[in-house]
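Please read it alongside the sequence and the coordinates.

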Amino acid sequence: MTGMSEEAKHKCGVFGVWNDPDSAHLAYTALYAQQHRGQESAGIAVSDGKLLQAHVGMGLVPEVFSTRVLDRLSDSKAAIGHNRYSTTGSSVSDNAQPLLREYIGGQVAVGHNGNLINALVLRELYERRGHIFRTTTDTEVIIHLLASHHLSHTDPLVETLQHLQGAYSLVFLFNDRLEVVRDPWGWRPLVLGTTPNGAYCAASETVALDAIGAKFVREVEPGEIVTISDKGISSRRFAEPQQPAHCIFEHVYFANPSSKVFGETVQIVREKLGEKLAEESHVEADVVIPMPDSGRSAALGYARQSGIQFREGIVPNRYVGRTFIKPTQDQRNTAVQLKLNVVREVIDGNRIIVVDDSVVRGTTTRAKMEQLRRAGAKEIHLRISCPPIRNPCYFGIDFQDPAQLIATSRTVEQIADFLGVDSLHYLTLDGMLSCVKHPKDHYCASCFNGEYRLNVDNPVNKLDLERYQLKMFK
Ligand code: 5GP
Ligand code: MG
């Protein structure tokens with residue numbers, strides 16, 4: 001039995017490149033640049049034109065890829081790569097991507113960012129038909145569809161994609177081509193570029209293109225397949241584009257500030273969110289303090305708009321990573337103290353406005369507020385640059401079940417109480433959506449407003465495939 005203890009995680013990054021002699025190293029660098037999109041596992045699959053091979057492993061990109069491993073992969077002309085996200089310690093490598101499989105069409109490797117809400121239905125269907133699954137990821141379902149459509153249809157990939165419901169930015173590596181796919185709703189970002197050698201590449205975020213010295217070409221369109229092969233680049237549609245459902249949380253927290261996501265630079269959007277927040281929630285105070293690192297851009301905007309001076313009052317220790325994945329609350333609190341050091345002179349005796357991007361569980365925020373109080377903060381006014389997160393995400397952000405979200409069952413006052421702050425203001429939904437350039441209904445804000453673009457009456461929850469597998473083995 002494999003993958004039993006593993007939660008299927010979907011908050012990821014992908015990369016692909018075709019016909020570049022430096023493919024493996026480009027993939028490595030691109031994944032490094034997209035490390036923020038996933039820290040649980042990393043993987044690269046390469047092709048020399050005849051054979052695919054892959055290396056995947058648990059941990060950060062530089063932990064997974066030693067020079068020796070990279071050297072082994074470097075004799076290749078094409079590559080795809082994947083970063084995978086986790087918030088828990090329990091993980092196994094069976095679910096690490098890219099998944100590499102042999103099927104009737106040859107070899108294929110796939111990397112997926114997103115989440116399929118009909119994965120369980122599809123898996124059940126294919127298992128009844130005799131298919132054998134080896135992981136508990138929704139991504140494996142895609143390969144089975146591809147294999148079973150291979151002989152009976154003219155365009156197996158189009159046929160496959162038409163069965164998928166949910167969020168997916170995908171890279172497929174075959175021995176003769178790279179296929180890059182974005183779901184019809186454009187839930188997750190996906191962009192095309194050209195490498196310094198003139199090869200085409202694709203990445204979740206433009207920060208990866210910048211890191212490898214690639215030029216941005218354009219976004220992959222929702223509902224589009226881009227094929228890159230020795231014949232060049234071509235494009236076809238597998239679905240009419242739907243009303244877009246760009247994930248607003250990419251702008252709020254997830255994406256790298258230097259990236260251009262959904263046509264806008266994330267840093268600029270975050271500064272606007274901070275300005276809007278200041279307009280909405282004025283309070284007398286002495287300093288504006290960013291919660292590093294994710295709250296910094298919004299804090300900058302807040303300070304600018306309010307005219308209150310911006311000061312760094314909390315300094316991050318850059319060598320402590322991943323507080324979120326510590327298994328117990330005690331360990332998490334210790335990690336927070338180690339990770340964030342308070343500058344007492346900035347805090348002591350002052351009325352402070354603390355700006356952060358979001359509150360999810362509330363546990364790390366509470367620990368940070370305690371630290372500030374101990375350092376002598378006279379008043380703490382917490383300002384959050386998005387609305388309360390009250391609903392689970394089924395489309396690729398790893399929000400825990402509703403019971404773990406602090407805002408699900410509490411009013412803002414109760415949350416302020418729990419966090420121990422003098423006042424708390426969340427940016428309003430309208431305020432948030434006024435800071436991005438597309439029409440409001442072109443974003444998915446379901447974690448805030450509970451309005452889901454697709455029917456989620458029977459969504460695949462993170463553990464469903466595990467539960468399903470358990471049942472099968474009874
Ligand atoms: P909390 O107080 O909810 O435990 O933590 C809030 C902090 O978590 C914020 O500073 C925010 O930047 C960060 N955050 C928001 N969403 C996520 C996420 O999905 N994963 C991780 N690791 N941190 C997050
Ligand atoms: Mg943060």
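## The antiparallel sheet

Strand E8 (residues 178–182) and strand E12 (residues 224–229) run antiparallel and are joined by four bridges; helices (H or I, at least four residues) and strands (E, at least two) are DSSP runs, numbered from the N terminus. Within this pair, Glu179 stands opposite Thr227 in E12. Both strands belong to an open sheet of six strands with antiparallel pairing, ordered E5-E6-E7-E8-E12-E13, where two strands pair if DSSP finds at least two bridges between them. Strand E5 (99–103) and strand E13 (232–237) stand at the edges with a single partner strand each, so one side of each has no neighbour in the sheet. On average, neighbouring strands are turned by 20 degrees against each other, direction ignored.

This is a predicted model, in which local features need pLDDT of at least 70 and side-chain atom pairs count only at pLDDT 80 or more, while totals for chains, interfaces and linings use all residues. Residues are numbered from 1 along each chain as its sequence is written, chains are lettered from A and ligands numbered from 1 in the order in which they are written, and side-chain values use heavy atoms, with hydrogens and water left out.

## The parallel sheet and its helices

A second open sheet has four strands in the order E17-E20-E21-E22, with parallel pairing. Its edge strands are E17 (287–290) and E22 (423–426), each of which pairs on one side only, and the twist averages 20 degrees from one strand to the next. Strand E21 (residues 379–384) is joined to E22 by four bridges, and Ile384 has Tyr426 in E22 as its bridge partner.

Helix H9 (residues 266–280) packs on this sheet, touching strand E20 (351–356), E21 and E22, and its direction makes about 125 degrees with that of E22. Contact here means heavy atoms within 4.5 Å, and axes are lines fitted to C-alpha atoms, for helices over the stretch in contact, with angles running from 0 to 180 degrees between N-to-C directions. Helix H13 (residues 363–374) lies across E20 and E21, at about 150 degrees to E21.

## The surroundings of ligand 1

Ligand 1 is surrounded by 17 residues, the closest being Lys11, Asp357, Val360, Thr364 and Thr365; a residue is near if one of its heavy atoms lies within 4 Å. The largest share of this shell, four residues, comes from H13.

An oxygen atom of ligand 1 is 2.4 Å from an N or O atom in the side chain of Asp357, and a backbone N or O atom of Gly362 lies 2.7 Å from an oxygen atom of the ligand.

How values were computed
A polar contact is a pair of N or O atoms within 3.5 Å; within protein, one must be able to donate a hydrogen and the other to accept it, and residues adjacent in sequence count only if both atoms are side-chain atoms.
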